[in-house]
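Work through the exercises below with the structure in view. Each task is followed by a solution in steps.

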Amino acid sequence: MNYGYYESPIGKIKIEAEGESIIGVSFSMESSEWDENEAVIKCKNQLQEYFEGKRKEFDLNIKFIKGTEFQISVWKALSNISYGEKVTYKSIAEKINNPKAVRAVGGANNKNPIAIIIPCHRVVGSNGKMVGYAGGIDKKEYLLKLEEKNG
């Protein structure tokens, strides 16, 4: 397992890799020893480009090492949301052919292990309002405004 940290405009981001695959991107307060590999460095560079408004799609190997089959189906659906687009929890539930699982989609969204790269911040309530974000609503709003500005 390899680790690295990226100082973003919205706080420190911890990047975790297993071999060539990114397995975790999360907001972090910790600062443990770094053990970067090529995958971590590539992710840091792409996050930098994203925050500069130069990158709209990530080109990284992603691997889900935790999560139920349902959660992974939600995370895969999230990865198909385009830059700057907003969708609802209901639309994700429909995409995974489970239209009554709106709350479960919200729970899976909250457990997304690869923030920003798997864009759970692009999911909003059915009324278009900001609801829930594991990193905090302020971070979600920042990411959506960044994408709106650079879209």
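This is a predicted model: local features need pLDDT of at least 70, side-chain atom pairs count only at pLDDT 80 or more; totals for chains, interfaces and linings use all residues.

**Exercise 1.** Determine how H2 and H4 are oriented to each other.

Solution. H2 and H4 are roughly perpendicular to each other.
- Step 1: Helix H2 covers residues 69–78 and helix H4 covers residues 102–110.
- Step 2: Their axes come within 9 Å and cross at roughly 80°.
- Step 3: An angle of 65 to 115 degrees counts as roughly perpendicular, so H2 and H4 fall in that class.

**Exercise 2.** Find which residues of H2 and H4 meet, and sort them by type.

Solution. 
- Step 1: From H2, the residues are Phe 70, Gln 71, Val 74, Trp 75 and Leu 78.
- Step 2: From H4, they meet Ala 104, Val 105, Ala 108 and Asn 109.
- Step 3: The residues of this contact divide into seven nonpolar, two polar and no charged.

**Exercise 3.** Is Ala 101 buried or exposed?

Solution. 
- Step 1: Locate Ala 101 in the loop between helix H3 (89–95) and H4.
- Step 2: Its relative accessible area is 10%.
- Step 3: Buried means under 20%, so Ala 101 is buried.
- Step 4: Leaving aside neighbours within four places in sequence, Ala 101 is in contact with Phe 70 and Ala 93. The C-alpha atoms of Ala 101 and Phe 70 are separated by 10.0 Å, and the two residues lie 31 residues apart along the chain.

**Exercise 4.** Which residues does Ile 137 contact, leaving aside its neighbours within four places in sequence?

Solution. 
- Step 1: Ile 137 lies in helix H5, residues 137–150.
- Step 2: With those neighbours left aside, its contacts are Met 130, Val 131 and Gly 132.
- Step 3: Ile 137 is partly exposed, at a relative accessible area of 31%.

Definitions and conventions:
Residues are numbered from 1 along each chain as its sequence is written. Side-chain values use heavy atoms; hydrogens and water are left out. Helices (H or I, at least four residues) and strands (E, at least two) are DSSP runs, numbered from the N terminus. Buried means under 20% relative accessible area, exposed over 50%, partly exposed in between (1.4 Å probe, protein chains only). Contact means heavy atoms within 4.5 Å. Axes are lines fitted to C-alpha atoms, for helices over the stretch in contact, and angles run from 0 to 180 degrees between N-to-C directions. Angles under 35 degrees count as roughly parallel, over 145 as roughly antiparallel, 65 to 115 as roughly perpendicular and the rest as oblique. Ala, Val, Leu, Ile, Met, Phe, Trp, Tyr, Cys and Pro count as nonpolar, Asp, Glu, Lys and Arg as charged, and the others, Gly among them, as polar.
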